[in-house]
Amino acid sequence: MRTISNPPLPDGVAWTAVLVAAQRAAESLSAAPAFRDPLAEATVVHLGLAQPGETPRLHEMPREMAGLTRMMGDAVTLRTLHHDRLLTDLPVEQIVLLGAGLDGRAYRLPWAGRRVFELDRPAVLALKEDVARVAGLEPMAERTPVAIDLADDWPGALTTAGFDPARPTGWLAEGLTIYLNRAELDLMLRRIGELSAPGSHLGIEVATSLRAGLHDEEIANDGVDRVLSLFSSGPPIPPHDWLAGHGWRLAVHTLTELADQHGRQVPRWFDPSRGGATVWYFDCAR
Ligand SMILES: C[S@@+](CC[C@H](N)C(=O)[O-])C[C@H]1O[C@@H](n2cnc3c(N)ncnc32)[C@H](O)[C@@H]1O
């Protein structure tokens, strides 16, 4: 389906932003979608992974995306629904998406009057600009991309972009912690803490080892090999004390709970009752 006129798929960890956007597009274009995500729909068309208005045929995608998509099941839909509600309900005027990738919330949620700062590497944010421009999408919130590497001085770039540390903030680290090592995560949490006025919240997703519990034939799947090679050590497991030690009060849900809430299946990869990983969604408050 992809042709040479389509832009290349990004490589490295940026490729995972496309992987999860494709899953949101599949949900968005399904018969009974739990949400619509115009940016995700436009992304798969822009990259030649689907025809306009057509449900992306995930099994026809580049082989590694197809295999991984099958294994991830409804996990991306469930976390999207969870964090949509968490962030929408917060009485805050500024949202910071860490490792924002192709997150389309600024384009699809009724966040008029809010500032949404999207932090990711320059190439990912440039792809997002291209997708939105070609599709003619306008954000509903006041969207500010901040092109950084999380290892750099991103607090400086964020405040220069207009972020106000004196006001409470809704932070989100969705699909991110597994790609960072412990030192990088400690630095990130310390910086978030320093920028968080009382009333701030942090939504953060953490999983136990995504390698353990995989069957040999699943690991042999090209896509799993590819994504495993991008994983870093992640946070300490279990992460509760680590998060609390950074000054947060915790509320937590598992992916299994979210699946029960929404009447969806937990894929085996993330189902501890079938030997899979535990995935936690923390709502951290201060
Ligand atoms: C799986 S994607 C998730 C994207 C988005 N949060 C979502 O759920 O759609 C991981 C994202 O983290 C970003 N990322 C990983 N390491 C990063 C770093 N050191 N600095 C900035 N962004 C990073 C990647 O570029 C990618 O967009």
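How much area is buried between domain 1 and domain 2? About 2,700 Å², and carbon and sulfur atoms give 70% of that. Buried area here is the accessible area (1.4 Å probe) that two parts lose on being put together, summed over both. A quick note before the views: this is a predicted model, where local features need pLDDT of at least 70 and side-chain atom pairs count only at pLDDT 80 or more, while totals for chains, interfaces and linings use all residues. Residues are numbered from 1 along each chain as its sequence is written, and side-chain values use heavy atoms, with hydrogens and water left out.

**View 1. Domain 1 (14–72) against domain 2 (75–285).** These bounds come from an automatic or database domain assignment. The C-alpha centres of the two domains lie 19 Å apart. Domain 1 brings 28 residues to the contact and domain 2 brings 35, with contact meaning heavy atoms within 4.5 Å. Look for L39, M71 and M72: they supply 26% of the area that domain 1 buries against domain 2, more than any other three residues.

**View 2. Salt bridges around D37.** A salt bridge is a side-chain nitrogen of Lys or Arg within 4 Å of a carboxyl oxygen of Asp or Glu. The rule finds two of them across the interface of domain 1 and domain 2. D37 pairs with R108, the closest N and O atoms being 3.8 Å apart, and also with R24 (3.2 Å, N to O). D37 sits in the loop between helix 1 and helix 2 and R24 in helix 1, so this pair ties together parts that are 13 residues apart in sequence. Helices (H or I, at least four residues) and strands (E, at least two) are DSSP runs, numbered from the N terminus. D37 is buried, at 0% relative accessible area, and R24 is buried too, at 5%. Buried means under 20%, exposed over 50%, and partly exposed in between (1.4 Å probe, protein chains only).

**View 3. E142 and R115, a bridge between strands.** The closest N and O atoms of this salt bridge are 3.4 Å apart. E142 is in strand 3 (residues 142–147) and R115 in strand 2 (residues 115–120), 27 residues apart. Both count as partly exposed, E142 with 45% relative accessible area and R115 with 22%.

**View 4. The D164 and R167 pair.** Here the side chains meet in a salt bridge (3.2 Å, N to O). D164 is partly exposed at 28%, and so is R167 at 39%.
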